Amino acid sequence: MAAVPTFDLPARATIAECGNILTTLRQMIEDNQDIVVTCNKVEQTDLALLQLLISARKTAQRDNKSFSVVSDGNGTFDAVLEEYGICFSQNA
């Protein structure tokens, strides 16, 4: 069984980095059946990244693929999710 491809979001995951993140996620969705995005390294993020992740998840779902966002449950990423009322329902 092949390992599930994982993308680790960078420490700075803001609108300035969204272009590169989007390119990587699009390619991963195209090339793989299952994708996992980890958020444990995120120290700075914004609403643009959350919108990108929601869009990527919807694209994967449309293509009948698995797209998971995982985090440790108590970091910067999780605080921003809580602030905006978003839940990806995946903790590491």
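This is a predicted model: local features need pLDDT of at least 70, side-chain atom pairs count only at pLDDT 80 or more; totals for chains, interfaces and linings use all residues.
Colleague: What span is expected for H2 at 1.5 Å a residue?
Modeller: H2 is built of 16 residues, and the distance from its first C-alpha to its last is 23 Å. This reach is close to the expected span, which is 22 Å.

Colleague: Which residues of H2 are buried, and what covers them?
Modeller: The buried residues of H2 are Ala 48, Leu 49, Leu 50, Leu 52, Leu 53, Ala 56 and Ala 60. Their cover includes strands from several parts of the chain, namely S2, S3, S4 and S5, and it also includes two helices, H1 and H3.

Colleague: Which helices each supply at least two residues of the lining of the largest pocket?
Modeller: The largest pocket, with a volume of about 170 Å³, has among its lining residues Leu 22, Leu 25, Leu 52 and Ala 56. By class, the lining holds five nonpolar, two polar and one charged residues. The helices that each supply at least two of the lining residues are H1 (18-31) and H2 (47-62).

Colleague: Why is the pair of Phe 77 and Phe 88 stacked?
Modeller: Phe 77 lies in helix H3 and Phe 88 in the segment after H3, eleven residues apart, and Phe 77 is buried at a relative accessible area of 2%, while Phe 88 is buried at 9%. The ring centres are 6.4 Å apart. Planes under 30 degrees apart count as stacked, and the pair is stacked because its planes are at 20 degrees.

Definitions and conventions: Residues are numbered from 1 along each chain as its sequence is written. Side-chain values use heavy atoms; hydrogens and water are left out. Rings of Phe, Tyr and Trp (its six-membered ring) pair if their centres lie within 6.5 Å; planes under 30 degrees apart count as stacked, over 60 as edge-to-face and the rest as tilted. Helices (H or I, at least four residues) and strands (E, at least two) are DSSP runs, numbered from the N terminus. Buried means under 20% relative accessible area, exposed over 50%, partly exposed in between (1.4 Å probe, protein chains only). On a 1 Å grid over the protein atoms alone, a cavity is a set of points where a 1.4 Å probe fits but cannot get out, and a pocket is an open set with protein on both sides within 12 Å along at least five of seven lines; lining residues have an atom within 4 Å of a point. Grid points are joined across faces, edges and corners, and a volume is the space filled by probe spheres set on the points. Ala, Val, Leu, Ile, Met, Phe, Trp, Tyr, Cys and Pro count as nonpolar, Asp, Glu, Lys and Arg as charged, and the others, Gly among them, as polar. The expected span of a helix is 1.5 Å times one less than its number of residues. Contact means heavy atoms within 4.5 Å.
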